Amino acid sequence: MGKGCNFMKGKQVIAGAKTALSPSGIVLMIAFFAFGALVRSVDFPLSVGVGLTLFTFAIPSQIVLVDELSRGASIFTAVIATTLTAVRLFPLTMSLMPTLREPSTPKWQQYGLSHFNAITVWIQSMNSLPALERGDRISFYLGHCCMMMCLTVGTTILGYYSAQHLSLTYLAGALMITPIYFFLSLFAGSKTFCDRLAFLFGTLFAIPMMIFFPDLAILGAGFLGGTLAYVLGRAKSKVSDE
Amino acid sequence: MSNTQSVLLIVALGFLATEPWRWLGVAFSSHFNEDDEIIKYVRTIATAFIAALVVRLIFLPSGALAESELASRLVALGGASLLFMMMKGRLLPAFVTGLGLFLLCEFLMK
């Protein structure tokens with residue numbers, strides 16, 4: 001990607017890279033550590049772990065894929081399960097791009113930039129980017145993402161080699177980091193009325209959806225909860241405008 | 001199938017199961033800017049998606065986490081959230097507490 005980025009600003013790249021060492025970055029590193037350990041514990045080679053971290057870079061999808069394949073699921077079932085957990089990348093990317101790109105950013109660069117986008121990067125970007133000049137955002141973002149990727153590849157490897165020394169309980173603890181982190185940082189990032197409702201409805205709707213339509217739980221709860229939150233949020237802002 | 005081939009296959013599956021959603025996001029975003037209502041709507045859906053994903057990771061986890069007790073997971077998430085609210089959004093202390101509660105519950109129950 002380097003060639004197209006002759007507009008990169010060193011200072012912003014470094015500022016972005018530094019945010020990779022924020023609490024959220026550290027938490028993500030531990031989550032990839034747990035993923036590395038998972039790969040080892042199901043007897044897959046290290047190359048699968050590192051390859052998936054580099055080319056997928058979406059921790060819940062990686063966990064689901066490795067988990068399904070190791071349980072002997074067919075390739076078809078494994079891919080369906082993985083792709084269902086990855087649907088969220090669509091709204092995440094669709095809402096990130098207008099904040100991230102410049103009017104002159106070519107399409108191919110936008111496709112390249114989107115590879116790094118997943119929950120942690122999205123939350124971090126939505127918190128930091130709007131405060132920056134538009135011309136600084138891509139540099140900051142790339143600095144953040146590249147640093148993140150190096151560190152998470154490192155912890156994937158570390159997790160792989162530590163797995164045999166960890167008991168199941170500690171391994172579970174490392175995997176527990178992902179949901180706690182997503183929950184807290186989403187909570188912190190939900191500043192508008194709409195976002196808070198979406199957070200609440202997504203949580204509440206997921207439980208009945210999981211009981212009745214387990215395969216579509218995330219999709220259904222996300223879509224229904226998000227839609228209801230948006231409609232109510234709009235209604236409230238109209239009332240307060242009048 | 002050789003070992004190298006299966007590694008390449010798994011990595012390719014991981015890529016193909018996730019990346020097209022990102023591409024689709026880029027493609028659909030092209031005519032909008034960040035203040036458009038449709039983008040706000042999509043952002044709201046993204047938020048609800050993540051919340052729902054957390055609920056599933058807690059109630060229907062996979063891998064080593066599936067071997068833990070549901071009660072430990074709920075106590076950990078609840079404790080971390082409570083502390084997070086009380087400390088006005090400081091991530092790390094809440095986080096460490098959540099993890100500590102999880103391990104504590106696990107050791108007590110096993």
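Q: How many of the ten residues of helix H8 (residues 119-128) of chain A are buried?
A: In this predicted model, helix H8 of chain A is largely enclosed by the rest of the structure, because most of its ten positions fall below the burial cut-off of 20% relative accessible area. The buried residues are A:Ile119, A:Thr120, A:Val121, A:Trp122, A:Ile123, A:Gln124, A:Ser125, A:Met126 and A:Ser128. The number buried is nine of the ten.

Q: Which helix of chain B is included in what covers the buried residues of H8(A)?
A: The cover includes several helices of chain A, namely H1 (10-19), H2 (23-41), H6 (89-100), H9 (134-162) and H10 (168-189). Chain B also takes part in this cover, and the element it includes from that chain is helix H2 (37-59).

Q: Which residues of chain B does A:Phe182 touch, not counting residues up to four places away in sequence?
A: A:Phe182 belongs to the largest nonpolar core, which has 97 residues, and is listed with A:Leu100, A:Trp122, A:Tyr141, A:Ile180 and A:Leu184 as touching the most other members. Within chain A, A:Phe182 touches A:Ile59, A:Pro60, A:Ile119 and A:Thr120.

Q: What area do chain A and chain B bury between them?
A: The size of an interface is often given as the accessible area lost when the parts come together. Here 95 residues of chain A are in contact with 71 residues of chain B, and carbon and sulfur atoms account for 80% of the buried area. The area that chain A and chain B bury between them is about 7300 Å².

Q: Which two residues form the salt bridge counted between chain A and chain B?
A: Side chains of opposite charge can pair when their charged atoms come close. The search of the whole structure finds five salt bridges over all chains, whereas the count between chain A and chain B is one. This pair meets at 2.9 Å, N to O, and consists of B:Glu37 and A:Arg234.

Q: Which residues are joined into one network by salt bridges that share partners?
A: B:Glu37 forms a salt bridge with A:Arg234, a pair that crosses between chains from helix H12 (residues 217-241) of chain A to helix H2 of chain B. B:Glu37 also meets B:Lys40 in a salt bridge (3.5 Å, N to O), and these two are separated by about one helical turn because they are three residues apart in helix H2 of chain B. The relative accessible area is 28% for A:Arg234, 31% for B:Glu37 and 33% for B:Lys40. The network therefore consists of A:Arg234, B:Glu37 and B:Lys40.

Q: How many residues apart are A:Asp136 and A:Lys9, which form a salt bridge?
A: The closest N and O atoms of A:Asp136 and A:Lys9 are 2.9 Å apart. A:Asp136 counts as buried at 12% relative accessibility, whereas A:Lys9 is partly exposed at 36%. The salt bridge of A:Asp136 with A:Lys9 links distant parts of the chain, running from helix H9 of chain A to the segment before H1, and the two partners are 127 residues apart.

Q: How far from A:Cys145 is the nearest cysteine sulfur?
A: The structure holds zero disulfides over all chains, and A:Cys145, which is in no disulfide, counts as buried at 0% relative accessibility. A disulfide would need a pair of sulfur atoms within 2.5 Å. The nearest cysteine sulfur belongs to A:Cys146, and its distance is 6.8 Å.

Q: What area is buried between domain 2 of chain B and domain 3 of chain B?
A: The domain assignment places domain 2 of chain B at 32-63 and domain 3 at 68-110, with C-alpha centres 23 Å apart. Their contact takes five residues from domain 2 and four from domain 3, and the count of salt bridges between them is zero. In domain 2, B:Ile58, B:Phe59 and B:Pro61 lose the most area to domain 3, together 88% of what that side buries. Carbon and sulfur atoms give 80% of the area buried between the two domains, which is about 380 Å².

Terms used:
Residues are numbered from 1 along each chain as its sequence is written. Chains are lettered from A and ligands numbered from 1 in the order in which they are written. This is a predicted model: local features need pLDDT of at least 70, side-chain atom pairs count only at pLDDT 80 or more; totals for chains, interfaces and linings use all residues. Side-chain values use heavy atoms; hydrogens and water are left out. A nonpolar core is a set of buried Ala, Val, Leu, Ile, Met, Phe, Trp, Tyr and Cys residues joined through side-chain atoms within 4.5 Å. Buried means under 20% relative accessible area, exposed over 50%, partly exposed in between (1.4 Å probe, protein chains only). Contact means heavy atoms within 4.5 Å. Helices (H or I, at least four residues) and strands (E, at least two) are DSSP runs, numbered from the N terminus. A salt bridge is a side-chain nitrogen of Lys or Arg within 4 Å of a carboxyl oxygen of Asp or Glu. Buried area is the accessible area (1.4 Å probe) that two parts lose on being put together, summed over both. Domain bounds come from an automatic or database domain assignment.
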